[in-house]
Amino acid sequence: PPKDPRGWVLENVINKGLAQADDIVGGSHCMTAGYLEDQLARSLSNLGLDSIDIYYVHNPETQLESFGRDEFASRMRAAFEFLEKAVMDGRIGCYGTATWNGYRQQPESRGYLSLADMVSIAREAGGEENHFKVIQLPYNLAMPEALTSANQIVGGESLSLLMAADRLGITVMCSASMSQARLSQGLPSFVGDALRGLTSDAQRAIQFVRSTPGVTTALVGMSRRSHVEENLAVAAIPPAPVEEFFSMFSSDDR
């Protein structure tokens, strides 16, 4: 990190016209078109690639918490317009949003993200054939809101995030499948009863996520070769049957 972060941002972002001071919120978050252009170019160069499959706008709810929804929608639209152009240029395949709290909160929360609104903004930016295709959010045994909380409104109907994504044609990838390893051991016995054929709680945590209807990807962090081998072993086990999976939610005390 630079010795003077504020000076670095001034020299490399503001003085270069990539963003104004009030475009940077929460001390670090920026999503202007100029800044995204700079970051995409850096990523392609660092990775040695000509294109990136998915480009995520990270935690856009940070901007929402600092501005009203009209201003947020305007900033989001500008970001999506840039990303649509990046798709047309062949530098990304599609784009989406990667969030922590936004899609999990209740509608009355200041940082709540409506998936239907995000899809609508993408349509304004890129038309009906826009490339807003993917979202990412944390989902695991300890953070089940994407499945259990009917906090999304689509066509006047209250739906869970996973149901809303299915209705709107959005792919869902899930981060924190093991909640930063906190779910890798000590899970209650009923989880093992429902998710059979596995040898560790880490595998059961992954199996829970990948067995959830509507989830395409269970993301995990792996720091050792043994972690890689243990986690990949789950791929050889079919996802849990839906009736067994939902049996974990049949008791009020769970």
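Me: What makes the crossing of H4 and H5 right-handed or left-handed?

Reply: Happy to start there, keeping in mind that this is a predicted model. The crossing of H4 and H5 is right-handed, and a crossing gets that name if the near helix is turned clockwise from the far one by less than a right angle. The residues that make the contact are Phe72, Ala73, Met76, Arg77, Phe80, Glu81 and Glu84 on the H4 side, with Met118, Ile121, Ala122, Glu124, Ala125 and Gly126 on the H5 side. By class, these residues comprise 8 nonpolar, 1 polar and 4 charged.

Me: What does H4 lie across, and at what angle does H4 run to E2?

Reply: H4 lies across E1, E2 (92-98) and E3, and runs at about 155° to E2.

Me: What makes E1 and E7 the edge strands?

Reply: The open sheet has 5 strands in the order E1-E2-E3-E6-E7, with parallel pairing. E1 (52-58) and E7 (217-218) each pair on one side only.

Me: How do you know that E6 pairs with E3 and with E7?

Reply: Count the bridges, since two strands pair if there are at least two between them. E3 (residues 132-138) and E6 (residues 171-175) are joined by 5 bridges, and Ile135 stands opposite Val172 in E6. Between E6 and E7 there are 2 bridges, with Met173 opposite Thr217 in E7. E6 is also mostly covered, as 4 of its 5 residues are buried.

Me: Why does Asn59 count as buried?

Reply: Buried means under 20% relative accessible area. Asn59 has 18% relative accessibility, so Asn59 counts as buried. You will find Asn59 in the loop between E1 and H3 (61-64); its phi is near 45°, a positive value in a residue other than glycine.

Me: And what makes Ser179 buried?

Reply: With 5% relative accessibility, Ser179 also falls under the 20% cut-off and therefore counts as buried. Ser179 sits in the loop between E6 and H8 (189-194), and its phi, near 50°, is positive in a residue other than glycine.

Conventions. Residues numbered from 1 in each chain as written. Predicted model: local features only at pLDDT ≥ 70, side-chain atom pairs only at ≥ 80, totals over all residues. Heavy atoms only, no water. Contact = heavy atoms within 4.5 Å. Axes fitted to C-alpha atoms, helices over the stretch in contact; angles between N-to-C directions. Nonpolar A, V, L, I, M, F, W, Y, C, P; charged D, E, K, R; others polar. Buried < 20%, exposed > 50% of the residue type's maximum accessible area, 1.4 Å probe, protein only.
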